Amino acid sequence: MKIGLFGYGKMGKMIEQIAQDRGHTIVAKIDDHSQDIAYSSMDVAIDFSTPDAAFKNITNCFKNRVPVISGTTGWLDRFSEATDICKENKSAFIYASNFSLGVNIFFELNRHLAKMMGELGQYKVSMEEIHHTQKLDAPSGTAITLAEGIIENTLYENWELNKSDQDKTLPIKSVRTGMVPGTHTITYKSPVDTIEIKHEAHNREGFALGAVIASEWIQGKTGVFSMKDVLNLSQKT
């Protein structure tokens with residue numbers, strides 16, 4: 001498989017190594033808007049660029065019939081527009097706030113637990129996410145996805161960062177410390193007991209591996225997909 005990398009920072013370099021270890025070839029490393037891009041050389045594009053570059057990167061690939069795997073956050077106000085362009089050009093697209101296989105299983109576990117707890121008003125839900133000090137956005141995209149899974153299946157109506165005194169608002173605490181790759185903990189607490197689920201990343205390799213596996217999966221397909229499709233979780237929930 002021939003891969004074009006859009007964004008060649010820490011994640012791009014890790015994806016490069018894992019892709020090569022799995023027998024794939026990196027045919028382009030795009031980290032500059034002025035670069036000439038040979039779309040015809042790519043079987044797939046993996047985008048971990050920047051919020052201001054992502055939409056253009058992704059839609060230009062679609063217009064050249066190159067499927068895209070994207071983990072870039074901060075541009076999702078144009079997500080629907082991007083998916084329309086994908087469909088118009090009969091291309092293929094997977095976006096995920098987190099490509100880790102374990103995290104995507106955790107997303108489904110979170111939704112399933114929220115469904116079971118949804119009408120048990122004695123339990124109050126809270127979330128904590130911990131990341132390295134270089135991560136400037138808060139809460140993380142992963143935390144937001146987890147919050148959306150809770151809100152869809154409970155009486156909670158929205159989430160709030162760091163502090164919430166409202167009954168129907170899910171509080172998310174964001175901590176930035178050390179070199180933590182990412183830890184997410186969801187707690188259901190009542191006067192008599194506590195139920196807690198947690199995902200702790202040991203390193204960033206899981207994120208990169210998931211993106212490469214998604215790239216392998218999307219070959220020959222058209223349409224807009226998610227990691228639920230890649231992991232065949234849609235049939236199980």
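1. The side chains of N57 and S49 make a polar contact at 3.2 Å. This is a predicted model, and the contact should be read as such. N57 sits in helix α2, residues 51-63. With a relative accessible area of 12%, N57 is buried. Leaving aside residues up to four places away in sequence, N57 touches F6, D47 and S49.

2. Other residues of α2 are buried along with N57: A53, A54, F55, I58, T59, C61 and F62. What do the buried residues of α2 pack against? Their partners are the strands β1 (2-6), β3 (44-47), β4 (68-70) and β5 (92-95), together with helix α3 (79-88). Just after α2, R65 has a positive phi of about 60°.

3. The strands β1, β3, β4 and β5 belong to an open sheet of six strands, ordered β2-β1-β3-β4-β5-β11, and the pairing is parallel. At its edges are β2 (25-30) and β11 (223-225), each of which pairs on one side only. From one strand to the next the twist averages 20°.

4. Within this sheet, three bridges join β4 to β5 in the parallel sense. S70 stands opposite Y95 of β5. Helix α3 packs on the sheet, where α3 touches β5 and β11. The direction of α3 makes about 155° with that of β5.

5. How many disulfides does the model contain? The count comes to zero. C61 takes part in none, and the nearest cysteine sulfur, that of C86, is 11 Å away.

6. A second open sheet has five strands in the order β7-β8-β6-β9-β10, with mixed pairing. Its edge strands are β7 (158-161) and β10, and each pairs on one side only. Here the twist averages 20° from one strand to the next. As background, strands of a sheet pair through backbone hydrogen bonds, in either the parallel or the antiparallel sense.

7. β9 and β10 run antiparallel and are joined by seven bridges. Y188 has I195 of β10 as its bridge partner, and K189 is partnered by T194 of β10.

8. One of the bridge pairs links M127 to I186 of β9. Six of the seven residues of β9 are buried, so the strand is mostly covered by the criterion of under 20% relative accessible area.

9. Helix α4 packs on the five-strand sheet, touching β9 and β10. The direction of α4 makes about 165° with that of β10. The buried residues of α4 pack against β9 (183-189) and β10 (194-200), and also against α5 (141-153) and α7 (227-230). Which residues of α4 are buried? They are V103, N104, F106, F107, E108, N110, L113, A114 and M117.

10. At the start of α4, a side-chain oxygen of S100 comes within 3.3 Å of the backbone nitrogen of G102.

Terms used:
Residues are numbered from 1 along each chain as its sequence is written. This is a predicted model: local features need pLDDT of at least 70, side-chain atom pairs count only at pLDDT 80 or more; totals for chains, interfaces and linings use all residues. Side-chain values use heavy atoms; hydrogens and water are left out. Buried means under 20% relative accessible area, exposed over 50%, partly exposed in between (1.4 Å probe, protein chains only). Helices (H or I, at least four residues) and strands (E, at least two) are DSSP runs, numbered from the N terminus. Contact means heavy atoms within 4.5 Å. A polar contact is a pair of N or O atoms within 3.5 Å; within protein, one must be able to donate a hydrogen and the other to accept it, and residues adjacent in sequence count only if both atoms are side-chain atoms. Two strands pair if DSSP finds at least two bridges between them. Axes are lines fitted to C-alpha atoms, for helices over the stretch in contact, and angles run from 0 to 180 degrees between N-to-C directions. A disulfide is a pair of cysteine sulfur atoms within 2.5 Å.
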